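Biologist: Please take a close look at the annotated site and its surroundings in this model, then go on to the aromatic packing. I would like the cut-offs stated as you go.

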Amino acid sequence: MIDTSRIHYSWLPHIRAALEENLPRIEQRIGQSYLPPAEDVFAALSLPVDEVRVLIVGQDPYPTPGHAMGLSFSTRPGVAAPRSLKNIYAELHDDLGIQGRADGDLRAWFNQGVLMLNRVLTVAPGQAGSHRRIGWEPITEAAIRALAGRDIVAILWGRDAQSCQAFLPGTECITSPHPSPLSARRGFFGSKPFSRANAALEARGVTPVDWRL
């Protein structure tokens with residue numbers, strides 16, 4: 001069974017209906033072999049709704065066992081940054097002069113109110129995209145809609161993430177191609193998402209994010 005105890009109570013009024021409708025079907029479909037571990041599936045939603053300052057939308061968890069930890073783009077401590085995250089680190093340096101980490105642990109951002117939410121919260125080991133369209137999307141859509149109109153900024157990399165703009169009326173959205181090696185040079189590099197997010201937060205009177213890792 002997937003552990004829902006990490007979901008902060010502030011999300012429940014927004015996602016309870018989608019959870020009740022879809023989670024039993026998801027659990028039946030994925031069985032016992034999935035990533036991240038059951039206790040980390042809802043790690044992103046342990047961040048209270050009112051503490052979210054920036055939303056970064058990912059696709060689905062890393063399919064390599066031992067890598068995924070419930071936050072989009074982040075890996076467990078000590079796991080080398082995957083290629084997309086290395087490109088994020090490169091843009092972070094070019095944008096703000098901040099060095100990335102040897103590993104892919106992004107919890108320093110999460111602890112400041114950066115909600116790193118995948119659209120699909122589980123994956124079969126070694127099979128990227130394997131749990132799409134089995135019920136996760138309505139749950140994460142409900143969570144994203146809960147943020148609409150708040151004083152937040154959404155960073156949406158790639159077409160899948162950008163489709164979430166429809167759920168975020170009245171929200172500042174920073175968009176670019178995905179940081180994947182296949183698309184990063186088509187406009188992700190040079191997009192300056194980190195400085196732009198902070199400028200948008202400051203314009204709303206919200207404390208900017210310290211993006212140092």
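Modeller: Asp60 lies in the loop between strand 1 (54-58) and helix 2 (83-96); helices (H or I, at least four residues) and strands (E, at least two) are DSSP runs, numbered from the N terminus. This is a predicted model, in which local features need pLDDT of at least 70 and side-chain atom pairs count only at pLDDT 80 or more, while totals for chains, interfaces and linings use all residues. Residues are numbered from 1 along each chain as its sequence is written, and side-chain values use heavy atoms, with hydrogens and water left out.

UniProt lists Asp60 as "active site" in an unreviewed entry; UniProt positions are given in the numbering used here, feature names are shortened, and annotations may be inferred rather than shown by experiment. With a relative accessible area of 15%, Asp60 is buried (buried means under 20% relative accessible area, exposed over 50%, partly exposed in between; 1.4 Å probe, protein chains only). Not counting residues up to four places away in sequence, Asp60 touches Asn118, Val120, Thr122, Val123, Ala128, Gly129 and Ser130, where contact means heavy atoms within 4.5 Å. To one of these, Gly129, the side chain of Asp60 reaches at 2.6 Å, at the backbone nitrogen.

Arg53 is placed in the loop between helix 1 (12-30) and strand 1. Arg53 is buried yet has no salt bridge (a side-chain nitrogen of Lys or Arg within 4 Å of a carboxyl oxygen of Asp or Glu). The nearest side chain of opposite charge is Glu51, 8.6 Å away; Lys and Arg count as positive and Asp and Glu as negative, with His and the chain ends not counted. Leaving out residues up to four places away in sequence, the contacts of Arg53 include Gln112, Asp151, Leu201 and Pro208.

Now the aromatic packing. There are 8 aromatic pairs, meaning rings of Phe, Tyr and Trp (its six-membered ring) with centres within 6.5 Å; planes under 30 degrees apart count as stacked, over 60 as edge-to-face and the rest as tilted. Trp157 and Phe194 pair edge-to-face, at 6.5 Å centre to centre and 70° between the planes. This pair links distant parts of the chain, with Trp157 in strand 3 (residues 153-157) and Phe194 in helix 6 (residues 193-203), 37 residues apart. Both Trp157 and Phe194 are buried. Phe194 also pairs with Trp211: the ring centres are 4.9 Å apart and the planes at 70°, so this pair is edge-to-face. Trp211 lies in the segment after helix 6, so the pair ties together parts 17 residues apart in sequence. Relative accessibility is 0% for Phe194, and Trp211 is buried at 1%. Ring pairs link Phe73, Trp109, Trp157, Phe188, Phe189, Phe194 and Trp211 into a cluster.

Notes:
Polar contact = N/O pair within 3.5 Å; in protein donor to acceptor, adjacent residues only side chain to side chain.
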